[in-house]
Amino acid sequence: MNAVVIAVVIMLALSVARVHVVLSLVVGAFVGGLVAGLPLADINNAAGEVVTKGVMTHFQDGLAGGAKIALSYAMLGAFAMAITHSGLPQQLAGAVVRKLDGGKQSDHISTGAGAVKWVLLFAILIMGILSQNVVPIHIAFIPMIIPPLLLVFNRLNVDRRLVACVITFGLVTTYMFLPYGFGAIFLNKILLANIESSGLSVKGINVMHAMAIPALGMVAGLTLAFFNYRKPRIYENKQVDVESNEAAARQPKVSGYRSLVAALAILVCFAIQLIYNDALLLGAMVGFAVFMALGVVRRDEANDVFGGGIKMMAMIGFIMIAAQGFAAVMKATGEIQPLVDASAAMFSGNKAMAALAMLMVGLLITMGIGSSFSTLPIITAIYVPLCLSLGFSPLATIAIIGTAGALGDAGSPASDSTLGPTMGLNADGQHDHMRDSVIPTFLHYNLPLMAAGWAAAMVL
C-alpha cells in the first residue's frame, strides 16, 4: 500500500481513538516515512556528509514552515487577552443584560420578545464574525458573553442549537473567506503558501473569488438552521444561570476610556494588515503595545496577560507546526506522485467524481484531527498535483483545497468551532456537546459546504 495512504490512515485512526493530535501526526509521519524506505536518521558517507536524509531530519525541516504561523497565532492570543483584560467584553455583556432587564425574576420577557430574540442572535453572529477577522480573539468571547445570557435565552425559549449554529458560522465562514486576522493565516499563510510550494503559481489570484461559492454554502446552512430551530424550546432556569445573569448585571458600565483604547488598538491592528502584506504578526504586536502604552495593560500585568494569550493559542500552534512536519515527510517519501497517478487513472479524467472524492477525504481528515488549519498542509501536497493532472484551473484548485480543509471544522467533536459554543451554552449543564453542537453544525454546514465546494470546482 502507498506510504502516504498508510500515514494518513494511521494519523486518522489515532486521532479518532482520542490520541492527541500532535502525537498522531508525529507517529503517522514516522510510520509513513519508514514504510517508504526512508531511514530513521541521516545516513552519512565516510567524509561525514549526509547522503540520505532520515525521517527525523525531514520532519524537523518541515517544522520550520509552521513556526511563523504559530508565532502569529501566539501574538493574536496575546492581543485577544489584552482586549479581555480591558474588561470591554464583560462590560458589554453586563450592558446587554441590564438593557434586557434580565436581572428580574420574571418568567418571560414579554415586551417585544420576538424582536429581542432576533436582535440577540444577530448580535452574537456579528461577534462571531468579528472574533476571527477584525477583533481576532477567536473563541475567547464565548465564555464572557454567552453564560450571562442563558437566563435571557431561557425566558425567550431560544433553541440553543440555533445559537450554536450561529456562533459556529461566525467562527468558520469568516476565516475561510476574508483574508484578515485568522483568515490571513488560513488563506494566505497556509492555503496559498502550501499550494505555491506544491508547484502551482497563485500569483495574481484573488483568494476571495475562489472561496466565494463555498462561503455561500455556509450562508445556506445558516439559513436552514434559522428555519429548523425556529420553534421554542424549553429550558430550566438553573441557579447558575441566575448567578451569571446577576453577576453580569453588576458589571460596571462600559468605560469610555478603555473602550476608546480598545477601539484604537483594534483599528491599528486591522490597518496594518490592510497596508502591509503578511503583517498579521506586526499588527497584533503593535495592537498589544497600544494597550500597554495607554495604561490599559500595566507593565506589572503585561507578562501575565501576554503569557495567558500564548497559552490560549499554544495548542493550535503546536498542531499546525506538527502538520507542516507531517507534510514535509510525505513529500520526501516520493510516493505522492504515484498516488496522484493512480488516483487520476481511477477517475479516468472524471473531474466531478475527483472533486467529490477530494472533498470527502478533506472532511474525513478534519473531522479526525479537529483543525482545518492543520488539514491544509496534509492534503495540499497530494491535491495540487492531482488537480493539475485532471485539468482543474488554479481558482478551482484553490476552491477544492480550501473547502476540503474547512470541511469538518464545523461538526468535529474536537474542533474549537464546536467546543467553543458548548463551553458557553453548557454552563448550566443543559446543552449536550454531541447532540446540540456537533450534530447540528455537521448537518447544517458540512453538507451545504460540500455541495458548494463541488459546484465551485465545476464552474471556476
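How many aromatic pairs does a search of the whole structure find? The search finds seven. The model is predicted, so local features need pLDDT of at least 70 and side-chain atom pairs count only at pLDDT 80 or more, while totals for chains, interfaces and linings use all residues. Residues are numbered from 1 along each chain as its sequence is written, and side-chain values use heavy atoms, leaving out hydrogens and water.

**An aromatic pair**
- Rings of Phe, Tyr and Trp (its six-membered ring) pair if their centres lie within 6.5 Å; planes under 30 degrees apart are stacked, over 60 edge-to-face, and the rest tilted.
- The rings of tryptophan 118 and phenylalanine 226 have centres 5.6 Å apart and planes at 50 degrees, so this pair is tilted.
- Tryptophan 118 belongs to helix α5 (residues 113-130) and phenylalanine 226 to helix α9 (residues 207-228), so the pair links distant parts of the chain, 108 residues apart.
- Tryptophan 118 is partly exposed at 39% relative accessibility, and phenylalanine 226 is partly exposed at 24% (buried is under 20%, exposed over 50%, partly exposed in between, with a 1.4 Å probe and protein chains only).

**Charges over rings**
- A charge sits over a ring if NZ of Lys or CZ of Arg is within 6 Å of the ring centre and within 35 degrees of the ring normal.
- Lysine 117 places its charged end over the ring of tryptophan 118, 5.0 Å from the centre.
- Arginine 160 does likewise with tyrosine 235, at 4.3 Å from the ring centre.

Notes
Helix = DSSP H or I, 4+ residues; strand = E, 2+ residues; numbered from the N terminus.
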